[in-house]
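Reader: I am new to this structure and would like a close look at one part of it. Could you take me through that part slowly, and then turn to a second topic for context?

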Amino acid sequence: MELNINGTTRSVEAEADTPLLWVLRDELGMTGTKYGCGVAQCGACTVLVDGQATRSCVTPVESVAGMAITTIEAVEQDPVGRRVVEAWVAAQAPQCGYCQSGQVMAATSLLKQTPHPSDEDIAAAMTNLCRCGTYNAIAAAVRQAAAQG
Amino acid sequence: MMDGLTPALFSAAQLPEGQPVNLSRRGVLGAALGALVLGVALPRGAARAQAAAPAVQPGTRIPAFLEIRQDGSVLLKSPFIEGGQGVDTAMAQIVGEELDADPARFVVECAPPGPDYALVNGRRITGGSFSVRSAYPAMRQLGARARAMLVQAAATRLGVPAAELTTEPGKVVHAASGRSLDYGALAAEAAALPVPETAPLRAERDFRYIGKPVARLDVRAKSTGRAMYSIDVTVEGMLQAAVQHAPRLGMEPGAFANEAEVKAMPGVHSIQRLPGAVAVLADRWWRARRAVETLQVGWTPPAADARNVMPADFSSAAHHAVLAAATGPGNPAEVEGDTAAALRSATRTIEAVYDAPFLAHGQLEPPSATARWNADGTLDLWLPNQAPEMFQAVAARVAGIAPEQVKIHSPLLGGFFGRHFLYDSANPFPQAIQLAKEVGRPVKLIWTREEEFLRDALRPMGLARFRAGIGPDGMPVALEAEAVGEGPIGRWFGTAPGKADPSAVEGIAEKPYAIPNRRVVQVPLRHPPIISFWRSVGHSMNDFFYEAFLDEVAEAGGQDPYQLRLRLLAEKPRHKALLEAVGELSGGWKRGPYDAADGTKRARGVAMASPFGSEVATIAEVSLKDGAVVVHDVWVAVDPGRMVNPAIIEAQVNSAVALGLSSALLEEVVYVDGVPQARNFDNYPILTPERMPRVHVRIVESGAPMGGIGEPGLPGVPPAVVNAVAALTGQRVRSLPLAKTRLGAV
C-alpha cells in the first residue's frame, strides 16, 4: 500500500484496517503523533488528511491511501503550521507536551480553513483533551496565530 | 533532552549489533561531540568506586551534574524528571544563575540512578512538589563552585589573579586587559582543578534568572512532535508487546480457547503467560494488541495466598457504605483543647459527612516499558518513573540481578500526577523484564488505555465526619473531624501503630484557623483497590471536606464565609494577607447570588489550603446551566514563600485548577463486581476545553521558606466551587463529583 505522507510517497506493509496512527508510529517511525486513548476521544493522534484534522487512531490506513497526509513532523513546512508553532512557543503552551502534537495539528487545520476564527470557531475546532489543563494557553496561541495570519 | 541529539538516546541503530552497550547520554555525547566535560574527568573506575563509598554527599560532586561543552552549551544532569511541571527549566535557572550561564544554553536530562541525586530528604523522587525547594540550595552552590573553577582556570591561562576576573553569561572576563575566555574553552582545564569547598553565591538583588519568567527549554520540541517519551523508545531488534490483564487482581490465566488462531495472526511471535495477565509479542504493537484482545483466556480464581486480591463482590458504592459505617476512636492527628467539653457548652452544634470517590490519573501517555537484556547480564530499562533508584531496586529484584546491573532511563513523562511511583501491579516494567528474558530479545510493552484504566492505582476514596460547636458570638469554639480510610503514605511506606497516616489527614489537620478546641483523627480502613499518590494527595479531597464544612459553620453562626475566615486568621498574618490578596484579585469579595451581565445568576465561593509548604487562597465564580455547574472564573493567590519562575508558577496553577475542577465536576472511578466500569475516557470524562474557566493568578512572595508549586493550586478548587454552588442554590453538596447531583434552577 502506498501512502502520501508529508509530500512523500511511502510504501507500507500493514493490514488494511490497521489504524493510520500505528502505521505512522511503528511502520514509519514517526513518533510525533501520539497514542492517547485509541477511541477518538482525546485527539493526541490528530493528523491532517487532505487538510482536515483527523484522529488517526480510528482511521483505517486503507481509507487514506492516495490522500495527502500531514503529520506534526512536517507542520513547519506549511506557512500556517509554522505560524501555529511560533504562537505555541510564544504562549509557552505545552506542559507535559504529550497532547500538543495533536493540538498543533488541530489548530493548523482550523486556521487553514478559517483564517480568522471567532472564539466559537476555536471552541468548536479545539476539542482535544489536555490533562495538564493548558486549554487557556492553547486558545490564546490559536488567537495569536490567527492575528498574525 | 530537547536538542536534536535526543534520538541518540532512544535508538540503538548506530550501535554494533549484539554488543552490550552503554546508551547513556554521556557515552553517546562524549563520543559524538568530543565534548570538554567537567564530568568525564573522572575515570569510570574511580567514579564507580566513589559511587560505592557511603560518603557521597548528594548535590556536591559537580561532575555528576554538569558538562560544559566546547560550544559553551551546558548539559545538566538533573535529579528530577520533567513531566510538564517545568523542573528542567527551573534547574537550569538556578544553576545558570550561579554558574553565570544563560539557562537557554542548557540541555537538561534526567540523571541515571546514583547517590548524588538524593536531594529530597535523603531520597530521590520527583513528587510531593519537592523538587525545586529541596534542590535549591545545593543547585545554587553547585553552579557557584563550577563558576569558581572556570574562573580559576582562566586565571591560570591568562596569568592574572582570580580576583581580577569577573564573569558574564558564558565567559570569564578580565576587564583590565579587555580579554575574555568562553566557558567552553576553559572546561577541560577547569575539570582538572579541585572542586572548592564553597564558593560565594550571587546576591539575590542581582538575580537575572531566578525569579524571572524564563522561557521553558522544552516548549519548541513539544510543539513540533520532537519531544521523546517512554512510549516513543525504539531499541534495535525489539518485539512489541500488548497485554490482557485478569479482570480482577489476583486471578491468573488458565486455558486459552483459541491459541492456534491467535498464533496464526499476522506478525505474532508468541503468547506469554504473566502473573495476572497474558501477553502477545509481535513485530508491531497494533498486531500484538489485536492478537491479545482476540485471545480467549479462562481466568482462574485467586489462590488462597494471593496478595492484593480484588474481591469479586467489590463495588465502590458498597465500599462507601463501609467507610460511612466505620467508627472511631481512630488515631489522633491533631488534638488541641477539649472538644467534648466545648461542644457541650456550645450554643449550637452542627454535623456533616463528606466524601469523595476513587479517581484515575488519566495522564495522557499510556504506561509503557522497554526492557533489553545485554550480553553482560545487565538490563536496560526505559520507563516512566518518578523515582529512578526505587525503580532500579525493584527491577533488580524482578530480574534477579544486582541494582547496579540495571540501567534506568527516564524519558520525559507524558503527564504523571503521581501515576509513576511504584505501585506493585500498576507498573508495566516487571512484565517487560520477564517478557524480554523469556524471548531473548528486547521488548517494548505498551498498555492500552483500557488496560491502564483496569490497572491504574487509584486516588483513594475518602470520607470525613465533622462536628462543630458554635459560640454565642457565632464563632466556632470546637471542631472535630474523623477522616475514614487510608492514604498512599500508609499503604506504601507504612504508618507507626497508633499514628495517623499524614496523607489521610492532610488538609483537615493543622488548618490555620483559630478554633480553640480541635480534634482530628484518622479511622484507618484499608481500600481493596491499589491506591496511589494523585496530584496533591490527601489535600485533593480533604481541603474540600474541611473548607466546605467551614462554610456550613459560617452559615450556622450567621456569618459570611469570607469574613469568618478573615476573623479566624486574625493572628495569622501570612494567611490573612493571602486571603485579602485573592479578594482583591477577584475585584473585592462578593458572595452573591447576583446577576451577571450575560443574564446568568452567579455566586462565588472561597477556600484556603496549606499544601506542600505553600499557602493558597482560591475564589471561584459559578452559574448553573441545565442543572450543571458552569465555572466562569477562578482566582488564585499563591504564596510559595519565594519563587524561581513566575511563568511556570502561573502555568502550574492553571494546570492544578483544571485537574481540581475536573475532579470536582466530573471524575469518579466506579467499581461493580470487582471491575472498573470505565475503561476509557468515553466513560471516564475529564475536563474538556469548553469547561475550562478563566484563571487569574497572583503570586505573593512572603519570604517564608520556599514551598511547592506543582500541586498546591489544586486543593482549593473543589471547595471554592462547591461553596459557590451553595451560595447560588442553597444546596450543600457533600459528595463529589458534582455531576452526581442534579442542581436546582435558581
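Author: A residue is called buried when its relative accessible area is under 20%, and exposed when that area is over 50%. In this predicted model, B:Arg248 has a relative accessible area of 19%, so B:Arg248 counts as buried. As for its place in the chain, B:Arg248 sits in the loop that runs between strand S7 (239–245) and strand S8 (252–256) of chain B. Once neighbours within four places in sequence are set aside, the residues in contact with B:Arg248 are B:Met310, B:Pro311, B:Ala312, B:Arg455, B:Asp673, B:Gly674 and B:Val675. B:Leu76, for its part, is 172 residues from B:Arg248 in sequence, and the two C-alpha atoms are 43 Å apart in space.

The second topic is chain A, which is divided into domain 1 (2–73) and domain 2 (75–147), with the C-alpha centres of these two domains of chain A lying 20 Å apart. Between them, 19 residues of domain 1 of chain A are in contact with 16 residues of domain 2 of chain A, and the buried area is about 1300 Å², with carbon and sulfur atoms giving 55% of that area. The count of salt bridges between domain 1 and domain 2 of chain A is 0, whereas 13 residue pairs are found in polar contact across this interface. On the side of domain 1 of chain A that touches domain 2 of chain A, strand S3 (46–49) and strand S4 (52–55) of chain A each supply at least two residues, and S4(A) gives the most, with 3 residues. The residues of that side of domain 1 of chain A divide into 6 nonpolar, 10 polar and 3 charged.

Conventions: Residues numbered from 1 in each chain as written. Chains lettered and ligands numbered in written order. Predicted model: local features only at pLDDT ≥ 70, side-chain atom pairs only at ≥ 80, totals over all residues. Heavy atoms only, no water. Helix = DSSP H or I, 4+ residues; strand = E, 2+ residues; numbered from the N terminus. Buried < 20%, exposed > 50% of the residue type's maximum accessible area, 1.4 Å probe, protein only. Contact = heavy atoms within 4.5 Å. Domains from an automatic or database assignment. Buried area = accessible area lost by both parts, 1.4 Å probe. Salt bridge = Lys/Arg side-chain N within 4 Å of Asp/Glu carboxyl O. Polar contact = N/O pair within 3.5 Å; in protein donor to acceptor, adjacent residues only side chain to side chain. Nonpolar A, V, L, I, M, F, W, Y, C, P; charged D, E, K, R; others polar.
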